[in-house]
Amino acid sequence: MASEQTEEYLETIFDIEGKEGTAKTSAIARCMNVAPASVTEALQSLSDKGYVNYEPYRGATLTPKGNEMARKVKRRHRLLEVFLKDVLKIRGENVHDEACRMEHVISDETEQALCKMLRAPSRCPHGSPIEPCNRMVQDCTECLAGRSGESPGSRDTALLPVTQLTPCRKGTIAFIRGDRKIVQRLTDLGLTVGTEVSLLRKSPGEGPVEILVRRTKLAIDHAIADNIFIAPCRESHE
Amino acid sequence: MSACTGCSDCPGTEYAAVSGTKKEYVVALAGNANVGKSAIFNQLTGTDQEIGNWPGKTVERAEGILQYEGHRLRIIDLPGIYSFATLSDEERISRSFIVHDHPDVVVNILDASALERNLFFTLQLAELGCPLVLAINQNDLAMKKGIFVDTGKLAKILGVPVVATVAIQGKGIAQLTDAIIAAARSPPKPHLIEYGKEVEERISRIISLLPPVCSGYPARWTAIKILEEDPDVLALAGQCSHEVIPVARACARELVAIHGESAGTILSGERYHAAEQLGREVMSFGSPDEFPDTLTERIDRLALHPVFGYLLLALVLGGLLVWTFFVGAWVSEVLTNLLSGIAPVRPLVTGSVSDIVFNGAWTGFVAAVTLIIPYVVPFYLFLSLIEDSGFLTRVSVMLDKGLHRLGLHGKAIIPLILGFGCSVPACLSCRIIESPKQRFLAAFLVTIVPCSARTVVILGVVAAFVNVWWAIALYIIDFVIIIVAGRFAFRVLPGESVGMIMEMPEYHIPSPRMALGQTWSRTKSLIWIVLPSYIIGSIAITAAYSAGLLDPINAALSPVTVFLLGLPAVTGIVFVFGIIRKEMTILTLAALFGTTIFSTVLTPVQLIVLALVTMLYIPCVSTILALAKDFGWRKTLLLTIGEIVMAVAIGAVAFRLLSLFM
């Protein structure tokens, strides 16, 4: 199976898994507009490569390896959508299909350059969140200022925006997306990388979230909180 | 600090040299927002600086005097500040005062429950070499939460006096005063906290390049600020040494290479790390409970609930307005009866000069007492309860999303609510909003919010002589205009909108004494403006009338008043006087027509149009001055002219529409 096709399958499974828990063969076939038989065949091959856990008649879930791959492609897809819409001013309905074709061919370097040029966007034109990059950095200030010398290595854990923490669970801030201004504003209120935070309350309709940090409660705009990324504490998942 | 010895500019030596002989000491109160600076200020000076349980209450520095054992202390209450790096407007006021005015003592007030975050700022003050005294405030609340602060240990580590206080109860204030006097006589030198090795190395490299008399600040502070690329300090340092900037750039780059983030972030991180360690050393914890089910938690479950929260909000804000109207109308009636028993109001008098002056003054006095005070007092009383309790911040959170549609965020609701009382403090409180665009936007909307003066006009003209439903309709029209104008201005104004980040204070049970004190101080400041302007204004009208000066003005304005708005020509002068204070329109009207029963001289349509235009046409003189102070004359004039055009346009349309069916 070509790598492009692999990535398309992984993305589809990722989406369905997010909604339904397990991606059924029929659901994948419907989504990708192919015959169920070819899906079965593809899943078998993906399973052999270690990307998915596939059980016939029950469906597929992504392995950690497959999940990482899928998220990486998703990130590229959404960055490209922002680029196509905001920079090239491509018409709305074509943006998705165009990005779908381009996402398989761009390199890490291009991805990073895109992200920098678009000033680290947090959402795609359709409103889906864009994951942060997996470079081992604490915020975007250096990258955006064009001072990101040698590669800082890459992160292996998936980060979660603070808005997606389960209420009353703790986590440690691992990354803040944004320019110097916003990082400074958060820092002054005690939100620095390495600080433990917990989500106290979300308000409906993406209203501000209330978090507890350094024994103070802060109400933070949802869009800002979306850019504060957490490495969830494992031990708190009792 | 030590690097500056011998330089005359350095604050360190200045304190030492002068403090022995000085009779008056300048004492600045500084600290994070909502830690109780104003409460301590009130306790120290015995004045009644307004306080409230929301961050950003104090937007301008307040001053007071404390006479104590033969010493005269000039106490300055500064707006809340989190760091010397962020530059919101109110923080700039604090920074500039502490950095440039070299107060004799800086009292750093800390919230005992959030010590680490507060210490972050303390460390910056220590770096600046300020003669510090620490007040650990709200110590009682912290103890209730099981947090115990060892003030002795903290004093030893930082090398400055530390006092535990509970400002609202006056606890620890005497000790604090003693500590301030002692510190003023012999300034304590705060110990410096060392950062990580890589950072320290670069700080000393920069210090070695700085000439001894450079920025006028401690060399270490200057070096750190250069490293953080603080624009003000960079400019200063660039003037006195050419080598230092490139070296600082190189140092910053090296740090970036080591840590992978900007030097500013690294230093903040280091400072927090130091604050955390310090906090850990001086705090002990009684209760290990992670998420205690406190009163605040329980109230918030209701106040921030997606359904009941909005109900409560509507109840409280609706209650505020209804209470103001009902209590206001009742008090107004009582006062009117009382005063009319003393001497009749005869606005229109011709005759001797003394008659004119006496009648003008008396009319003005009666109008102020019966029209303004009755509505303002109950409003401020209720408002101060909402403020003191901490509920106002919850209102911000609940309405944040809605205000996004106007390009604002939750904090903007605070000036908007204050605007129902008086536009002047409301405009000043817009400083709590960070981005310049949003600040101006909020101030613009504040000027259309019906303040107590406009409420009086609506009630006195429309509710009294048309009917109460039209008065309510005018209110609703005003809210619609606020929303439409807000959306329009949001699109038109340049600049960016940023989201809200706000501290959520614990709820307090508001103290009646404080609420009354606050209401009195607000009313008092209003009376100082209202009474003279009423009395002088109304003398001026009576005098102008008897001198026959009114007709030319009315004639000049008649194209607008008569042709566009369908009002009698005499209303021209009414609008002119309304610029001084909006309620002056009623007063002028009464004086000109010689009656307070307006329905005998104006039709219902005219009454409604008059109230509508008065509500919108221009911010009053005091508001214009407040706006000019914060936004400059250009923007203020633009806004003023824009509002006149808007009011005339809306009034003209309303006149034509209303004439169709009334």
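Student: Which helix is B:Asn554 found in?
Tutor: B:Asn554 is found in helix 23 of chain B, which covers residues 550-564. Please keep in mind throughout that this is a predicted model.

Student: Is B:Asn554 buried or exposed?
Tutor: B:Asn554 has a relative accessible area of 5%, and because values under 20% count as buried, B:Asn554 is classed as buried.

Student: And what does B:Asn554 touch, apart from residues up to four places away in sequence?
Tutor: With those set aside, B:Asn554 touches B:Ala569, B:Val570, B:Gly572 and B:Ile573.

Student: OK, now B:Leu658: where is that one found?
Tutor: B:Leu658 is found in helix 28 of chain B, residues 633-661, and with a relative accessible area of 7% B:Leu658 is buried.

Student: What is B:Leu658 in contact with, beyond its neighbours in sequence?
Tutor: Leaving aside neighbours within four places in sequence, the contacts of B:Leu658 are B:Trp470, B:Val605, B:Ile608 and B:Val609. For B:Ile608, which is 50 residues away from B:Leu658 along the chain, the C-alpha atoms of the two residues are separated by 9.0 Å.

Student: How do helix 6 and helix 12 of chain B cross?
Tutor: Their axes come within 9 Å and cross at roughly 140°, and helix 6 of chain B and helix 12 of chain B are therefore oblique to each other. On the side of helix 6 of chain B the contact is made by B:Lys153, B:Leu154, B:Ile157 and B:Leu158, and on the side of helix 12 of chain B by B:Leu278, B:Glu281 and B:Val282. By class, the residues of this contact between helix 6 and helix 12 of chain B are five nonpolar, no polar and two charged.

Student: Which residues are buried in helix 10 of chain B?
Tutor: Helix 10 of chain B, residues 231-240, has B:Val233, B:Leu234 and B:Ala237 as its buried residues. Viewed down the axis of helix 10 of chain B, these buried residues fall within an arc of 105°, so they line one face of the helix. The face turned away from that buried side carries the exposed residues B:Pro231 and B:Gln239.

Student: What about helix 13 and helix 16 of chain B, what is their crossing angle?
Tutor: The axes of helix 13 (residues 295-303) and helix 16 (residues 391-404) of chain B cross at roughly 40° and come within 11 Å. That makes helix 13 of chain B oblique to helix 16 of chain B, and the crossing of these two helices is right-handed. B:Thr296, B:Asp300 and B:Ala303 of helix 13 of chain B make the contact with B:Phe391, B:Arg394 and B:Met398 of helix 16 of chain B. That contact of helix 13 with helix 16 of chain B has three nonpolar, one polar and two charged residues.

Student: Over to chain A: how are helix 1 and helix 3 of chain A arranged?
Tutor: Helix 1 (residues 3-20) and helix 3 (residues 36-48) of chain A have axes that come within 11 Å and cross at roughly 100°, and the two helices are therefore roughly perpendicular to each other. Helix 1 of chain A makes the contact through A:Thr6, A:Tyr9, A:Leu10 and A:Ile13, and helix 3 of chain A through A:Ser38, A:Val39, A:Ala42, A:Leu43 and A:Leu46. The contact of helix 1 with helix 3 of chain A divides into seven nonpolar, two polar and no charged residues.

Student: Last one, on backbone angles: what is phi of B:Gln138?
Tutor: Phi of B:Gln138 is near 55°, a positive value in a residue other than glycine. B:Gln138 lies in the loop between strand 5 and helix 5 (139-144) of chain B, and at 17% relative accessibility B:Gln138 counts as buried. In chain A, phi of A:Arg119 is likewise near 55°, and A:Arg119 lies in the loop between helix 6 (108-117) and helix 7 (141-144) of chain A.

Key. Residues are numbered from 1 along each chain as its sequence is written. Chains are lettered from A and ligands numbered from 1 in the order in which they are written. This is a predicted model: local features need pLDDT of at least 70, side-chain atom pairs count only at pLDDT 80 or more; totals for chains, interfaces and linings use all residues. Side-chain values use heavy atoms; hydrogens and water are left out. Axes are lines fitted to C-alpha atoms, for helices over the stretch in contact, and angles run from 0 to 180 degrees between N-to-C directions. Helices (H or I, at least four residues) and strands (E, at least two) are DSSP runs, numbered from the N terminus. Angles under 35 degrees count as roughly parallel, over 145 as roughly antiparallel, 65 to 115 as roughly perpendicular and the rest as oblique. A crossing is left-handed if the near helix is turned anticlockwise from the far one by less than a right angle, and right-handed if clockwise. Contact means heavy atoms within 4.5 Å. Ala, Val, Leu, Ile, Met, Phe, Trp, Tyr, Cys and Pro count as nonpolar, Asp, Glu, Lys and Arg as charged, and the others, Gly among them, as polar. Buried means under 20% relative accessible area, exposed over 50%, partly exposed in between (1.4 Å probe, protein chains only). The arc is that of the directions from the helix axis to the C-beta atoms.
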